[in-house]
Amino acid sequence: MKTTNEENSQLKNPELYTPSVEIMNLEILISKLKGICHEIDPYTELTLSMKERLIDVGIEEFNDPFALTNLLLFTTENAIEKLAILKDEL
């Protein structure tokens with residue numbers, strides 16, 4: 001996942017980084033990943049916009065459609081599992 005200056009500042013200031021912030025970030029990531037999964041056709045040439053969206057969620061390899069599909073599913077599953085764990089801990 002691409003980090004922003006805001007995310008970096010949260011890591012430097014642990015008091016600003018709470019489980020609710022992490023939950024919100026995971027929910028945003030999951031929403032982005034689901035949108036990509038619904039729209040992508042990895043067997044056609046990806047648009048610049050789609051490549052930018054993939055980079056935004058931390059995926060930078062686009063040449064192998066099979067690997068791209070697996071990485072999207074793996075990343076989405078991991079984010080959903082982590083979100084469930086965090087929500088259970090609250």
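Tutor: Start with a term: contact means heavy atoms within 4.5 Å. This is a predicted model, where local features need pLDDT of at least 70, side-chain atom pairs count only at pLDDT 80 or more, and totals for chains, interfaces and linings use all residues. Residues are numbered from 1 along each chain as its sequence is written, and side-chain values use heavy atoms, with hydrogens and water left out.

Student: In what order do the elements of the chain run from the N terminus on?
Tutor: Helices (H or I, at least four residues) and strands (E, at least two) are DSSP runs, numbered from the N terminus. The chain has 4 helices and 0 strands. The order is α-α-α-α.

Student: In which helix is confidence lowest?
Tutor: pLDDT is the predictor's confidence in each residue, from 0 to 100. The chain averages 86, and 81% of the residues score at least 70. H3 has the highest confidence, at 96, while the lowest, at a mean of 50, is in residues 5-12, helix H1.

Student: Which residues does Leu 54 touch, not counting residues up to four places away in sequence?
Tutor: Leu 54 is among the residues with the most contacts inside the core. Its partners are Ile 36, Ile 40, Leu 46, Ile 59, Phe 62, Leu 68 and Leu 72.

Student: How far does H4 reach from its first C-alpha to its last?
Tutor: The expected span of a helix is 1.5 Å times one less than its number of residues. H4 has 25 residues, and its reach is close to the expected value. That reach is 36 Å.

Student: Which residue caps the N-terminal end of H4?
Tutor: Look for a polar contact, a pair of N or O atoms within 3.5 Å; within protein, one must be able to donate a hydrogen and the other to accept it, and residues adjacent in sequence count only if both atoms are side-chain atoms. A side-chain oxygen lies 3.1 Å from the backbone nitrogen of Phe 66. The cap is Asp 64.

Student: Why does Ala 79 count as buried?
Tutor: Ala 79 lies in helix H4. Leaving aside neighbours within four places in sequence, Ala 79 is in contact with Leu 26, Leu 29 and Ile 30. Ala 79 counts as buried because its relative accessibility is 4%.

Student: Is Thr 75 buried or exposed?
Tutor: Thr 75 touches Leu 33 and Ile 59, not counting residues up to four places away in sequence. A polar atom of its side chain lies 2.7 Å from the backbone oxygen of Leu 71. With a relative accessible area of 18%, Thr 75 is buried.

Definitions and conventions. Core = buried A, V, L, I, M, F, W, Y, C linked by side-chain atoms within 4.5 Å. Buried < 20%, exposed > 50% of the residue type's maximum accessible area, 1.4 Å probe, protein only.
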